[in-house]
Amino acid sequence: MSQPLFNPQTTNALELAQLLSRGRITSVEIVQTYLAQIEQHNPGLNALISQPPRENVLRAAARLDREREDGKLRGPLHGIPVILKDCFTTASDLGMSTTCGSLALVGARAPKNSAIVQRMLDGGLIILAKSNMTEFCGMKMTYMMPGWSAHGGQTLSPYVRVIEKDEKILGHSAPGGSSTGSGVSVSAGFAPLAMGTETIGSIITPASRNALYGLKPTVGAQDATGMFTMTEFYDSPGPMAKAAADVRVLAGLLLGKDFDAPDVGSWEGLPVGIVDPRLWTLDESMCRQHPGTAENMVEEYETMVETLRGSGCSLQYPFALPDLSGFPDTISLAHWEFNNICLPKFLEAFDDFPIRSVKDIVQFNQDHKEQAMPEPYTEQNDLIKAMNSNEPAEAVDEIKATLRAKARGVLDTAFDEAAVRVLVGTCDSAFCVHAAAAGYPVCVVPLSTLRYNGRPFGVCGIARGGDEEALLRFMAAYEAAMPGRAVPVL
C-alpha cells in the first residue's frame, strides 16, 4: 500500500485547506485517503452506518477541484470532507439513507437535503458518510448503551475497543453519547470534521471521549428544517474536530457568522469560573469507578487549572455553581416534544413512506422484534411513553418556561456576580445540563486520558446565549496552553 499524502488521524481541516490552496494536494486525493482509512479501520469500530457509492464522492470532489482551478471558492472549507450523524436528512440522490439508527426508517427516500446539509454543501464540504448513533438519540429504551442502534449495531471507542461486561451507560469503557459515531469517526481518521446533535451531552460526551473539540451552539440559532431532533427545547446540532480552529470555521458556516480568528493564546477579556471536580461527578448508577480513576481525573483537572492560570487566564477556582435539583420533570418534556412535534415534523422529509408517527414505529418494532429489539435491547419503553404522551400543550409550555427561567437565573447570576464570561466543568458530570436547560451554548475541549484504560476525558465550557464567540476564544486559548490531544492507536 502506498504511503498516504497526509496522516488522516492527526491532520486537521484547516491544514488540509492550506495544502489545497498551495496546490500540494487535491480534494480527490483527500477523499481517497479517508476512504482507505475507513475501509481499513471501520469494520473494527462500526462508526459509520451508511456510505454513498465511491464514485459519487469522488465525482463531487473532482467538481470542487475544478471550481478551485477556476478560482471559484465556496468558502474556507471548500473541498474538505465531513461526516454527518444519521439524523441529518440527505437527499436520496446523494446515495445515503437517513434512519436515526432505526430499522423502521430503512428505505425512506428524501427529495431534498435538510437545511444544514444544504448549507454545508453550498459551502463546499464533501459529505463522506453518515455515522452511527444511539437509536433516535436514546428515545427508544432507557439505559440503552450509547452508540447502539438496531440498524447500525454498536460503535466502539478506538481508544478502548471493548465495552466491559455489565458496563454502565457512561462507564469508562462506554463510547459516548448519541453522536458516538461522529466522535469516533474523527478520532479514527475517517474525516477531519463531523456533525453531531446534542440534547443533553450528546456532542459533549463523545467529543470528550475521543479527545476532540466540539460545540453545541445556542438552541434555536440554526435552521433545523428537515433534520431529526428529539426536542426543540434542548436540541442543537454542532461540529466536532481535532482542532479549535476547525470548530471555529465550521461554526461560522453553520451560524452564518464571520468569527474572527482569535489572538491564539490570549485570555484578554475572557475571565473564567471553574467548578470543583469533586462536587461535579457522575453517579455510580451512570459510571462505575475503578481503583484510581476518580483521583486520576481530579489530578489532571487541577493540573489544567494551574496550567491555564500560568498561561495568563484570569480564573476563579473552585467556582461555586448551584446544581439543578428540584427542577420540573425534564424527561416527560422530551417524550411530549418527540411525539407531538419533532418526529412528525422529521417524517415529513420523506416521500410516500408508510411510517408517519411514533405509533407506527412502535408497531414496526413489535412486528420485527428479533431484528428491531434484539438482546439485550428488548424493550421500547421510552417510545411507548412518548406515544402515550398527550398532555395539553399549555401544560408542557409551562414546564418549559419554568425550567428555562430557572436555569438562566442560575447561570446569569453566576456570570453577573462573578464577572466571568465562561463557566468550566468536567464532562463526566451533569454540568452541561445547565446549558441544555437554559438553551445556552456549550463547548468541549480535551484534557487527558485515564491510566485505567486509556480513554480520553475532557472539560466543557458554558457561555451566555448567543455568545459562541466566547467559547471559540476559550477553545483556542486552551489549546495553545495545554498539551496536545491523545491520538488512538488503531
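This is a predicted model: local features need pLDDT of at least 70, side-chain atom pairs count only at pLDDT 80 or more; totals for chains, interfaces and linings use all residues.

Student: How far is the sulfur of Cys342 from the closest cysteine sulfur?

Tutor: The closest one belongs to Cys137, and at 10 Å it is too far for a bond.

Student: And what about Cys427, buried or exposed?

Tutor: Cys427 is buried, with a relative accessible area of 8%. The cut-off for a disulfide is sulfur atoms within 2.5 Å.

Student: OK, new topic. Which residues touch the most other members of the largest nonpolar core?

Tutor: That core has 141 residues, and the ones touching the most other members are Phe136, Phe228, Met304, Leu321, Phe338, Phe474 and Tyr478.

Student: Take Phe474. What does Phe474 touch?

Tutor: Leaving out residues up to four places away in sequence, Phe474 touches Trp267, Leu270, Val272, Val422, Val424, Cys443 and Val445. There's also a second, separate core of seven residues, Met144, Trp148, Ala150 and Ala174 among them.

Student: Now the helices. At what angle do the axes of helix 2 and helix 3 cross?

Tutor: Roughly 150 degrees, and the axes come within 8 Å. Angles over 145 count as roughly antiparallel, so helix 2 and helix 3 are roughly antiparallel to each other.

Student: Which residues meet there?

Tutor: From helix 2, Ser27, Val28, Val31, Gln32 and Leu35; from helix 3, Arg54, Val57, Leu58, Ala61, Ala62 and Asp65. The residues of that contact split into seven nonpolar, two polar and two charged.

Conventions
Residues are numbered from 1 along each chain as its sequence is written. Side-chain values use heavy atoms; hydrogens and water are left out. Buried means under 20% relative accessible area, exposed over 50%, partly exposed in between (1.4 Å probe, protein chains only). A nonpolar core is a set of buried Ala, Val, Leu, Ile, Met, Phe, Trp, Tyr and Cys residues joined through side-chain atoms within 4.5 Å. Contact means heavy atoms within 4.5 Å. Axes are lines fitted to C-alpha atoms, for helices over the stretch in contact, and angles run from 0 to 180 degrees between N-to-C directions. Helices (H or I, at least four residues) and strands (E, at least two) are DSSP runs, numbered from the N terminus. Angles under 35 degrees count as roughly parallel, over 145 as roughly antiparallel, 65 to 115 as roughly perpendicular and the rest as oblique. Ala, Val, Leu, Ile, Met, Phe, Trp, Tyr, Cys and Pro count as nonpolar, Asp, Glu, Lys and Arg as charged, and the others, Gly among them, as polar.
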